[in-house]
Amino acid sequence: MSQSPSKQNESTLHFATDACALGHVLIARVCEANSAKGICFLSVGDDPSSQLSELAAAFPHHELVEAPESFQTLLADVRQFVEQPTRSLVLPLDLRGTSFQKRVWEALVQTSPGETITYRGLAERIGSPGSSRAVGAACGQNQIALAVPCHRAVRSDGKDSGFRWGLERKRELLDRERVLHGPSHPTGKNQLQLAGFDAPFPNPKSPTHFCSTPLRQPQT
């Protein structure tokens, strides 16, 4: 059966999952015309099927293709960072969002393990003082855990703030970083590799417990 024109024009979204010290990690990137872009989605969770459903909801116009072999090096880097965050997790990134969101995410990438920054501090760092609430919203819209370290963004009053992948994971990540680097650390200049800077940001939806998107294995 031939595909419809809309299906033929869709990009594929290659993904892979693996176990890590925080549960399970799912990593994905868009592939067009046999060319892979940077990482556009990285999540940590307890249930790979729910993570896959969240991925399908975030990228509804892409065909999901499981391609574990092509992610082995990146998955190893993620596991190493979770176990021993001695340095920032640097991955080729495909940030998809508004210009404001990308400025927030880029500022987060420039933070170092062991460092925390308030939403107010992030707003000032990107040259937009007074936009703390918008900065917090941008952190909540981040779909690339760890490599865009929104777990380092905290409230100025010291109270727990939200984290897309669970507050317990946020605390665990910060604890692991502080053990190795101390409670605070000057901002380091981490290399940021970006692709598709002007790509539209997919509207996130609440994850379901099933995935209706057809999966296929990549052709060899």
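This is a predicted model: local features need pLDDT of at least 70, side-chain atom pairs count only at pLDDT 80 or more; totals for chains, interfaces and linings use all residues.
Residues are numbered from 1 along each chain as its sequence is written, and side-chain values use heavy atoms, leaving out hydrogens and water.

Stay with this pair for a moment. The ring centres of Phe 163 and Trp 165 are 5.3 Å apart and the planes stand at 70°, so the pair is edge-to-face. (Rings of Phe, Tyr and Trp, the last by its six-membered ring, pair if their centres lie within 6.5 Å; planes over 60 degrees apart count as edge-to-face.)

The structure holds 2 aromatic pairs. For another, select Phe 41 and Phe 59: with centres 6.5 Å apart and planes at 85°, the pair is edge-to-face. It links distant parts of the chain, 18 residues apart: Phe 41 is in strand 3 (35–45), and Phe 59 is in the loop between helix 2 (48–58) and strand 4 (63–66). Helices (H or I, at least four residues) and strands (E, at least two) are DSSP runs, numbered from the N terminus. Phe 41 and Phe 59 are both buried.

Next, show Arg 29 with Phe 71. The charged end of Arg 29 sits over the ring of Phe 71, 4.5 Å from its centre (CZ of Arg within 6 Å of the ring centre and within 35 degrees of the ring normal).

Finish at helix 6 (residues 132–141), where Val 135, Ala 138 and Cys 139 are buried.

How values were computed:
Rings of Phe, Tyr and Trp (its six-membered ring) pair if their centres lie within 6.5 Å; planes under 30 degrees apart count as stacked, over 60 as edge-to-face and the rest as tilted. Buried means under 20% relative accessible area, exposed over 50%, partly exposed in between (1.4 Å probe, protein chains only).
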